[in-house]
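Dear colleague,

Please find the structure below for your records. My notes on it follow directly after.

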Amino acid sequence: MTKFLSAIFLSIFTIVVSYGVNNKLVNTKLANEGLADFTAGNTKGMTFVINNSITDLNEFKQLVQAASRLKKYGNVQINIGVVADKAFYEVPEGGNPWSEYASNFANIYKFYPDELIAPYIPEKFVRDNKNLLLAKTKILRENGIDAAFFSNEPEIIPSEFFNAYPELRGPRVDHPRRSNVAFFSPCLSVTKMQDIYAGMMADLLKDAPEIKTFFFKTNDAGSGNCWSDWLYTGPNGPDHCKNETTGQRIEHLLNALQAGAAKAECKLDVYLSHSQGNSNFSDSERVDIQNHLPENCYFASTPENSFISVGNNFWVTYPVKGILDVYAFLNSMERLKEQKPQTVFLNFNAGYNRGDESIAVVNQMFKIMDDAFGSTLKDRPIEEKLHSYCTDLVGEKYSGSLVDAFKKLNDANDFRNTNLGNLSGVYWNVSNRMVTRPLVAAPQRLTPAEEAYFLPHIFNVSEQEARMDYLDINGGRWTTSRDSVQKYLELLEPVYFSLEKIGNDSGNEFIKSLYVALRIHASMYRSIGNFAAAQQIRDKNAEKLNGPIHRPDKESTWTGDEDLLKFNEIMRDELDNTAQLTSLLEENGTNELCLAKDAAHEDCFLLGPDIIGQLKMKYKIMIRHWRDIEDYMTTPFK
């Protein structure tokens, strides 16, 4: 659980900055662009590596256009390691929650599979991935921007491959409490597998030499290394590599990747994600890995290659996009003041590659970065920068109100981060479907038809636990305080009402969208508070609510069962919340939500395309089962 929770706190819209990376832009070029003051003493310049999961080429072009404003500060690279479609072949027949983690992630063999792997991967899937990658490469080349490739390695391979080549089978990497099937990744201690990886990397770089950075995570979400301490099934793998250290095993993989780059005559910087929750290693393994890094490979922060994080909260707000805490982002940019070579990793996706931040937010973030690096305001106080930003956005007339709104939004987010740190939308609202499932006292009384639109998409290997425990999050038991959630909502309310007025008065579309996004986000958190409180009442009265239906006794009472009254109050609040969210979405559309493109793509981490229809279904089911609780607990009676 500790490892899994880390993904929330440490993966939240990660933007990593590292110093001393091998970018060859020189001072003279930057000086010619009027930036000598910024890069005094900087002989390598800046590199921006932008992660995304965009599959639509028009959207990708918009991202490229937005990112182009950073070119004057150095080299810009954009991730093209994005699969064209979900890897449906990875999900066993009948479904398997754990398989959803990695089904939208890239790895090399999904684009350039070795001849031994290719027969076990759908040919069309590979062809579509390669075509998308090459189309993006062409767009980048035309815009003077380089590429990066974000990956999971070594990734699971279909079991038929390991049945044919048992000597290549590495560790079991699935999560035993979240998967119904055992999955294995390859062993990179085997020379044959190293050669396979080197060959695949060479093929990738020969077709896309624009790729300058290869970034990967491991030991999580479908990937893993033999005998690692923190594999979810425990350390495991074949006997022949048991005596190697984790650092040595990782070194095999890194050497194979660099061998492929050398074969393609390309220089490549390889980054293994150090963030716990993205790459699960024990402390001793982290030290060992750092001691076995080949040239041009990076892992932990060092004085020569240090890392800091700045960013937004898309992991927290998902599936809602379009929310930017401007004040927080301005503050985070203050940590980039050092006049040193640096590489900035910007992550614009969330939800296991199920969605990307809106281009409107991306544009605003690039504008803030542009101001931080090149504006005459770059050395001015945050307050002055915020006022200037707001004036540019909505004009002097409304800038004071907007400054106040952004400060209050930051205060609300600070409260949430301090008091509601485990509430990420990807788990509570999406993989547990709190936003669309009905809140009822006795879920066992729902019919199969009433459950059909939401229960299959709840992340749980146990249908009964998915049905009965609102606080079972991905197979674990999480909780929160409804009072704290309500306090957070109280802090948000004046923010979005202020933004509504500013947006309408100024006509600024970004502020209008931000208002809608915050309203949706608040509604989803309201659901979290209601479901948490409802389950706590259900736990307290489990014997009654899971017992037989019975008539109440005939003793006179004005109050009835206090918990029945509390539950009815929560149920009514969720009913009203559902109606209000439905109206909001019908009026403003669903542009601020990450939704599946069709019913086939709806899964544990992606809401369905007909969210309005599902909300209306939720409302009807709750009314239909409104009185169920009265069959188990005492109502007021006189």
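Does aspartate 576 count as buried, exposed or partly exposed, and at what relative accessibility? Aspartate 576 counts as partly exposed, because its relative accessibility is 24% (buried means under 20% relative accessible area, exposed over 50%, and partly exposed in between, with a 1.4 Å probe and protein chains only). This residue is found in helix H20 (residues 562-588); helices (H or I, at least four residues) and strands (E, at least two) are DSSP runs, numbered from the N terminus. The C-alpha atoms of aspartate 576 and asparagine 79 are separated by 42 Å, and the two residues are 497 apart along the chain.

Please note that this is a predicted model, in which local features need pLDDT of at least 70 and side-chain atom pairs count only at pLDDT 80 or more, while totals for chains, interfaces and linings use all residues. Residues are numbered from 1 along each chain as its sequence is written, and side-chain values use heavy atoms, with hydrogens and water left out.

I turn next to the aromatic rings. Rings of Phe, Tyr and Trp (its six-membered ring) pair if their centres lie within 6.5 Å; planes under 30 degrees apart count as stacked, over 60 as edge-to-face and the rest as tilted. By this rule there are 34 aromatic pairs. In one of them, the ring centres of tyrosine 73 and phenylalanine 373 are 5.5 Å apart and the planes stand at 65°, so the pair is edge-to-face. This pair links distant parts of the chain, 300 residues apart: tyrosine 73 is in the loop between helix H3 (57-67) and strand E3 (74-79), and phenylalanine 373 is in helix H11 (residues 359-374). Both tyrosine 73 and phenylalanine 373 are buried.

Phenylalanine 150 and phenylalanine 345 also form an edge-to-face pair, because their planes are at 70°, with ring centres 6.3 Å apart. Here phenylalanine 150 belongs to strand E4 (residues 146-152) and phenylalanine 345 to strand E11 (residues 342-347), 195 residues apart. Phenylalanine 150 is buried, with a relative accessible area of 12%; phenylalanine 345 is buried, with a value of 3%.

Arginine 169 sits over phenylalanine 184, 4.7 Å from the ring centre, and arginine 538 over tyrosine 470, 5.7 Å from the ring centre.

Yours sincerely

Methods. A charge sits over a ring if NZ of Lys or CZ of Arg is within 6 Å of the ring centre and within 35 degrees of the ring normal.
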